[in-house]
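User: I'd like to learn how to read aromatic and helix contacts in a model. Could you walk me through one?

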Amino acid sequence: MSVEVTHHVLDKINQEKTPIYFAKKPQIKKSPDELVGLGFRFWMAGYQNNDFEFWKKTWDHFNQTIGTSAARTTVSELASWAQTVQSSAVRDIEVSLTEQEQFGRDERMAITMVAAGQHNACPALQACAGALLGAVEVENVVEASTNFGHQLLEKKLLLTDIEKP
């Protein structure tokens, strides 16, 4: 192997920041809806189980899909949204603890809230927030959902438009 080729290979390895003795995991990018659903699932599971590993899973999904720099601000906004949901809920929020399961009712409701925030569908957002939280006072969650939705839009992550009556 020539010196020039060797330097090229080493430069590529250094750019990827992957040690040569580890096989790189395949990058499976998620749709925006999947990112929000899995992010909500694992952030809430982290709160409910007091387990940092769930939050790491959220980070991994966003990092693999949108990159480290974009993931920093987006996961920060997701954490703020999830904390607002957690502290505002008057009922237990139900989430799965695995990636393989389909999204449950509360997870689908959370995805719909963020989509409604992105698509300026305030009545739907308020209705979903009320149903998810089991509360009448939902303004903090409506605002947090909208902020998270806009953060996703800045990263070109557009959620599926909700059906409007």
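User: Let's start with Y47: how does its relative accessibility count?

Analyst: Y47 counts as partly exposed, because its relative accessibility is 25% (buried is under 20% relative accessible area, exposed over 50%, partly exposed in between, with a 1.4 Å probe and protein chains only). W55, at 24%, also counts as partly exposed. Bear in mind that this is a predicted model, where local features need pLDDT of at least 70 and side-chain atom pairs pLDDT 80 or more, while totals for chains, interfaces and linings use all residues. Residues are numbered from 1 along each chain as its sequence is written, and side-chain values use heavy atoms, leaving out hydrogens and water.

User: How do helices α2 and α3 pack, and at what angle?

Analyst: Helix α2 covers residues 32–49 and helix α3 residues 52–66; their axes are 7 Å apart at an angle of about 160° (axes are fitted to C-alpha atoms over the stretch in contact, with angles from 0 to 180 degrees between N-to-C directions; helices are DSSP runs of H or I, at least four residues, numbered from the N terminus). That makes α2 roughly antiparallel to α3 (over 145 degrees).

User: Which residues of α2 and α3 make the contact?

Analyst: On the α2 side they include L35, L38, F42, W43 and Y47, and on the α3 side F54, W55, H61 and F62 (contact means heavy atoms within 4.5 Å). The contact residues divide into nine nonpolar, six polar and one charged (Ala, Val, Leu, Ile, Met, Phe, Trp, Tyr, Cys and Pro are nonpolar, Asp, Glu, Lys and Arg charged, the others, Gly among them, polar).

User: How do I read a ring pair, and how many aromatic pairs are there?

Analyst: A pair of aromatic rings is described by the distance of the centres and the angle of the planes. Here the count is six aromatic pairs (centres of Phe, Tyr or six-membered Trp rings within 6.5 Å; planes under 30 degrees apart are stacked, over 60 edge-to-face, the rest tilted). F42 and F54 are stacked, at 6.1 Å centre to centre with 20° between the planes. F42 lies in α2 and F54 in α3, so this pair ties together parts twelve residues apart in sequence.

User: Are F42 and F54 buried or exposed?

Analyst: F42 counts as buried at 0% relative accessibility, and F54 counts as buried at 10%. Y47 and W55 form an edge-to-face pair, 5.5 Å centre to centre with 75° between the planes.

User: Which residues do ring pairs link into a cluster?

Analyst: The cluster consists of W43, Y47, F52 and W55.

Terms used. Helices (H or I, at least four residues) and strands (E, at least two) are DSSP runs, numbered from the N terminus. Angles under 35 degrees count as roughly parallel, over 145 as roughly antiparallel, 65 to 115 as roughly perpendicular and the rest as oblique.
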